[in-house]
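Here is a brief report on a single chain model. Look at the sequence and the fold first.

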Amino acid sequence: MKSYTASNAGRRFGRLLETAHPEPVTITKNGRAMAIMLPASDNELISAMDGFLEERQWRERVADAEYGGYVGV
């Protein structure tokens, strides 16, 4: 997987888009991975990520409700 620094990604955004077209690209800041840009054509991966993020959001909502003292039906 190719990698761009955050500052380089900002200066060369068009190039970043071209690079991300065939494969994911990691964007780093201070040597740490901060984001990944995915090609829009990778629908299977995007769908899997969407499902994961939705599931994580629901787990966080349940944890917040339990922490707040909510008692289910």
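The text below covers the sheet, the core and a helix.

This is a predicted model, where local features need pLDDT of at least 70, side-chain atom pairs count only at pLDDT 80 or more, and totals for chains, interfaces and linings use all residues. Numbering starts from 1 along each chain as its sequence is written, and side-chain values use heavy atoms, without hydrogens and water.

**Sheet.** An open sheet holds 3 strands in the order β1-β2-β3, with mixed pairing. Strands are DSSP runs of E, at least two residues, and helices are runs of H or I, at least four, both numbered from the N terminus. Pairing requires at least two DSSP bridges between two strands. β1 and β3 are at the edges with a single partner strand each, so one side of each has no neighbour in the sheet.

| Edge strand | Residues |
|---|---|
| β1 | 2–5 |
| β3 | 32–37 |

β2 and β3 run antiparallel, joined by 5 bridges. Thr26 stands opposite Ile36 in β3.

**Core.** The largest nonpolar core has 7 residues: Tyr4, Ala9, Leu16, Ala20, Val25, Ile27 and Met37. α2 (13–20) and β2 (25–29) each supply at least two residues of this core. Such a core is a set of buried Ala, Val, Leu, Ile, Met, Phe, Trp, Tyr and Cys residues joined through side-chain atoms within 4.5 Å. Buried means under 20% relative accessible area (1.4 Å probe, protein chains only). Tyr4 touches, among others, Ala9, Arg15, Leu16 and Thr28, leaving out residues up to four places away in sequence. Contact means heavy atoms within 4.5 Å.

**Helix α3.** Just after α3, Gly69 has a positive phi of about 90°.

Technical notes:
Buried < 20%, exposed > 50% of the residue type's maximum accessible area, 1.4 Å probe, protein only.
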